[in-house]
Amino acid sequence: KLTVDSLVRIINALYDFASEGNTDTHTLKIGSKNLAKLTDEQKIIAVNKGWFLTGYNTVRIPAGMDISGFAVDNNVTKVYVELTSGNATSRIAELYTKYPNITEVYLFEDGTVTSLEKTFMNANANIRNRIVKVEFIEGYFTGVTNMARTFNNCPSLTTAPIIPEGVANMSNTFNGCSSLTTAPIIPNGVT
């Protein structure tokens, strides 16, 4: 029997593939009973190092990872996904072909993204209807200036993410987001 402390030591000792940009799949199988002992904060340490935890509902998808050969996984509900300037819209739609039950999306980027226009709007209705939470991971998206129609017609979105400070265009960003319970904080530069 593994204790929480021993499981955390294992996770902390895992090699950090993500920091070196490695996009291969690495899986840690610790069993459902051991997985249940860990908090989400403890599990996400492994995910952020580029590891998939078997049985955990969260995955991390770096920009260069080709998921076209992945099997459909209906258990995944949260995804950390890296966007690039060339894949912002297509990457979100692609995720739902493999993880159709995603409700939470945590976004980070490679430093090249300047526009998130229509990122979720261009996804099919099944995707837009499922999204409850989107978060821009702090420290990323500093070059984004355009968020026009980013979440347009995402009726299940309940909380507006923190908008990056450099955003100037938010035209129709939250149009049709009928379940929002908190208003977005609008950066000073939005015109």
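Predicted model: local features only at pLDDT ≥ 70, side-chain atom pairs only at ≥ 80, totals over all residues.
Reader: With which residue does the side chain of Thr58 make a polar contact?

Author: Thr58 is found in strand S3, and it is buried, with a relative accessible area of 1%. Its side chain meets another side chain in a polar contact at 3.1 Å. The partner in that polar contact is Asn57.

Reader: Which residues is Thr58 in contact with, leaving aside its neighbours within four places in sequence?

Author: A residue counts as buried under 20% relative accessible area, and Thr58, at 1%, is therefore buried. Leaving aside the neighbours within four places in sequence, the residues in contact with Thr58 are Ile44, Val47, Lys78 and Tyr80.

Reader: Why do the buried residues of helix H4 lie on the same side of H4?

Author: Helix H4 covers residues 88–98, and its buried residues are Ala88, Arg91, Ile92, Leu95, Tyr96 and Lys98. They lie on the same side of H4 because the arc they cover around the axis is only 160°. As a general point, an α-helix has 3.6 residues a turn, so residues three or four places apart point the same way.

Reader: Which elements do the buried residues of H4 pack against?

Author: The residues concerned include Ile92 and Leu95, both among the buried residues of H4. The elements that the buried residues of H4 pack against are strand S3 (58–61), strand S4 (78–83), strand S5 (104–109) and helix H5 (125–130).

Reader: How many disulfides does the count come to?

Author: A disulfide requires a pair of cysteine sulfur atoms within 2.5 Å. Cys154, which counts as buried at 0% relative accessibility, has its nearest cysteine sulfur, that of Cys177, 5.3 Å away and is in no disulfide. Cys177 is also buried, with a relative accessible area of 9%, and it is likewise in no disulfide. By this rule the number of disulfides is zero.

Reader: Is Asn34 buried or exposed, and which polar atom of Ile30 lies 2.8 Å from its side chain?

Author: Asn34 has its place in helix H2 (residues 32–37), and at 15% relative accessibility it counts as buried. Not counting residues up to four places away in sequence, Asn34 touches Leu2 and Leu7. The atom of Ile30 that lies 2.8 Å from a polar atom of the side chain of Asn34 is the backbone oxygen.

Reader: What radius of gyration does the protein have?

Author: The protein has five helices and six strands, and its C-alpha trace spans about 55 × 30 × 30 Å along the principal axes. Of its 191 residues, 45% count as buried. For that number of residues a compact globule would have a radius of gyration near 16 Å, with which the value for the protein agrees, namely 17 Å.

Note on methods. Residues numbered from 1 in each chain as written. Heavy atoms only, no water. Buried < 20%, exposed > 50% of the residue type's maximum accessible area, 1.4 Å probe, protein only. Helix = DSSP H or I, 4+ residues; strand = E, 2+ residues; numbered from the N terminus. Arc of directions from axis to C-beta. Contact = heavy atoms within 4.5 Å. Polar contact = N/O pair within 3.5 Å; in protein donor to acceptor, adjacent residues only side chain to side chain. Rg over C-alpha atoms; globule rule 2.2 N^0.38 Å.
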